[in-house]
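Dear colleague,

I am handing over the structure below, together with an account of what was found in it. Please read the account with the structure open beside you.

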Amino acid sequence: MTRIPTKQEVLDWISANPTLTSKRDIAKAFGIKGADRIDLKRILKELEAEGHLEKRKRSYRDPDRLPPVSVLQVKAPNADGDLFARPLEWHGEGVEPIVLIIARASDPALGEGDRILARLTVVHEEDHNYEARLIRRIGTNPRKIVGIFRKGAEGGRIVPIDKAGSTEWLVAEGAALGARDGELVEAEQAGPKNRMGLPRARIVERLGDPTAPKAVSLIAIHQHGIPDDFPDKVIAEADKAKPVGLKGREDLRDMPLLTIDPSDARDHDDACYAHADDDPKNPGGHVIWVAIADVAAYVRPGTALDGEARKRGNSSYFPDRVVPMLPDRLSGDLCSLHEGVPRACIAVRMRIDANGNKIDHRFVRGLMRSAASLNYAEVQEAIDGTPNDRTGPLLESVLKPLYAAYTALKKARADRQPLELDLPERKIVLNDKGEVESVAFRERLDAHRLIEEFMILANVAAAETLIAKRSPLLFRVHEEPAPEKLESLRETAQAAGLNLAKGQVLQTRHLNALLNAAAGTEDAELINLSTLRSMAQAYYSPENYGHFGLALRNYAHFTSPIRRYADLIVHRALISAHGWGKDGLTEDEIARLEETATHISDTERRSMMAERDTTDRYLAAYLSERVGNEFTGRISGIARFGAFVKMDETGADGLVPVRSLGREFFHFDREAGTLMGSDSGLIIAIGQRVTVRLTEATPVTGGLELELLSIDDQALPRGRGPAKRSTRRKAASTKRKKDKIKRKVERKRRQR
């Protein structure tokens, strides 16, 4: 009988052989064959459950380490001239490792944007986790610069507009493209990087007045490289598109399907209808129809339209504009389910029982006609007893049956226990000039929740159908939180006097119990934010790892093909699996599903960052007239250079620079997430209630700078010298608690 390796031997092999980590590779390395593979599989499953390994596609890797040979992207030098790099093989679980490049005399000069292959060594320094030694340079990412042009005697300079305040760029007189002083410009690097002096750039586009309201989202679009102009060939293809007829489709035009969207919706890609199930075997059950725009009928694989849609990955939404995935001829017309107009769709009929459990479902390719295009508010008002001229005629026959089906789905949701975070969403309200009129929090109505539950059910049905038909597809994946993030959440909960279950397989119901315990207390927002921060980021994958947050085993995005390329892939997979036509998933698409998944996961994050930056700039503009005012808030993040505060009134995030905290030195504890004053003993930690004064608001960058006035209703100790006795006692007590927790965690790690 073959000797089965110990868990430590398996971990050592994976660490030493990062490119040979599939189950087959591990079995081959230890000479494991036949039935003994069952024992190896058990060991790998245990290591995965314990958090020592994570499964990626068909291989395993240590989630806490980068491969010993990694691809890095060089960052700009810091103030001390040190060169750091971003690990491109780090996928966002946990805090991204900090990599310092150790240059040798024989190495070529490296600059920001360079991609390199490097050998990594794990270190435990205060400001970095890895040291990298160059193997070879493997290319450079195109360097895009967006900034304010400052005219000089011989050309000028470009001043960056990002919060990090990266280096300025020199512009030669002949490379300014006629830009005026103070104008917003986009530029690219000109010539090789120099070891000495500022880098050079050439202006490629003038973007206008940076203080104009309409420039806010434009800055983010250009800064993040979001394509916002469709090539002529793409527009030409879209303009040639004609409405799809009934041939080969199921006629759904007499079904009173409704679209329910925000009042300012720019497209309508989903419609729904429900009625009581007349099957006597399903008492109290319901039939739910969800119909989705058939984008695949217009956007065919291999066309210019498809190439551009894949390139964009998704639509990007800003307060004043949308950068769509598809041209308006499709997104706003032929693929939008407008009221009273025949539209091609892919629909799913789902039967649920009285408790909201899905009994069966079937997909059809049809032609529908929306009975009405309604918004959330008017639908909710109708249900609450005040219908209008549009909703009144539909109340008894259409709206009430929808809510009856939703009531049943709520029972199934309560049993499933998806993660129930309570984090209000901000809404920037603009006036006719594009200026910020107000900052509000979006209202959450049952009408919103109804549509969400219907869409989730349809997404599950799509995934289950394609799995049953053994069809390739893209899953929407949300993995379990990393062990170290859960431990951090557990410490936060304990500090608030709450408890997170331990010693069992984590489920969303355990997190919900924590959130419910915090509800209504002063720590509710902190626990919700900390829970959100502990979550892994969702992504797309051809492999099914389930959706932790929704507590679902099988989940794919099917319901928004106008604005998400992933949904278009799922539609094509359904077309192929049902034999509905020649516009389904091609062999070429199947071969590059993994590449597509990675790409559209990246474009999704790109849009999120651009949308967040735009919101920050709008908030900075809104608050710029209130510099000097005091605000309450909560510490939302800690860094070496200061503390971030989320303000209660607007939800805006501002920075309290560490230099503004007095003359004493503040020690940064990355693991504990704290800053501690060397003289006063003052501890600044995530979750503390604070009062701050707004000292600076910079709309162009979106930066807010704050002065810290008090923490937990206690005035801030100033300068060197002893703190108040109560402050010292509280700081010492907090430090002892944190040290105790850290020692306990370390003991358990050693025991494993």
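L421 is located in the loop that runs between helix α9 (395-416) and strand β22 (426-430). Please bear in mind throughout that this is a predicted model. With a relative accessibility of 30%, L421 counts as partly exposed, because a residue must be under 20% to be called buried and over 50% to be called exposed.

The chain as a whole

The chain has 752 residues, and 49% of them are buried. It contains 17 helices and 34 strands. Its exposed surface comes to about 36400 Å², of which 48% is supplied by carbon and sulfur atoms.

Helix α8

Which residues of helix α8 are buried? In this helix, which spans residues 376-383, they are Y376, E378, V379, Q380 and A382. The cover over these buried residues includes strands β14 (258-261) and β21 (372-375), as well as helices α9 and α10 (446-468).

Both ends of α8 deserve a look. At its start, a side-chain oxygen of N375 comes to within 3.1 Å of the backbone nitrogen of A377. After the helix comes G385, which has a positive phi, near 110°.

The loop residue D277

D277 is found in the loop between strands β15 (270-276) and β16 (286-293). Is D277 buried or exposed? Its relative accessibility is 11%, so D277 counts as buried. The side chain of D277 makes a polar contact of 3.1 Å with the side chain of R351. When neighbours within four places in sequence are set aside, the residues in contact with D277 are N282, G285, H286, V287 and R351.

Aromatic pairs

How many aromatic pairs does a search of the whole structure find? The search gives three. One of them is formed by F363 and F558, whose rings lie 5.4 Å apart from centre to centre, with 90° between the planes, an edge-to-face arrangement. F363 belongs to strand β20 (residues 358-369), whereas F558 is in the loop between β25 (539-541) and α14 (565-578), so this pair ties together parts of the chain that are 195 residues apart in sequence. Both partners are buried: F363 has a relative accessible area of 7%, and F558 has one of 0%.

Y403 and Y406 also form a pair; the ring centres are 6.5 Å apart and the planes stand at 85°, so this pair is edge-to-face. The two residues are three apart in helix α9, and about one helical turn therefore separates Y403 from Y406. The general rule is that an α-helix has 3.6 residues a turn, so residues three or four places apart point the same way. Y403 is buried, with a relative accessible area of 11%, and Y406 is buried too, at 4%.

With kind regards

Key
Residues numbered from 1 in each chain as written. Predicted model: local features only at pLDDT ≥ 70, side-chain atom pairs only at ≥ 80, totals over all residues. Heavy atoms only, no water. Helix = DSSP H or I, 4+ residues; strand = E, 2+ residues; numbered from the N terminus. Buried < 20%, exposed > 50% of the residue type's maximum accessible area, 1.4 Å probe, protein only. Areas by Shrake-Rupley, 256 points an atom, 1.4 Å probe, with all protein chains shown as cover. Contact = heavy atoms within 4.5 Å. Polar contact = N/O pair within 3.5 Å; in protein donor to acceptor, adjacent residues only side chain to side chain. Phe/Tyr/Trp six-rings, centres within 6.5 Å; stacked < 30°, edge-to-face > 60°.
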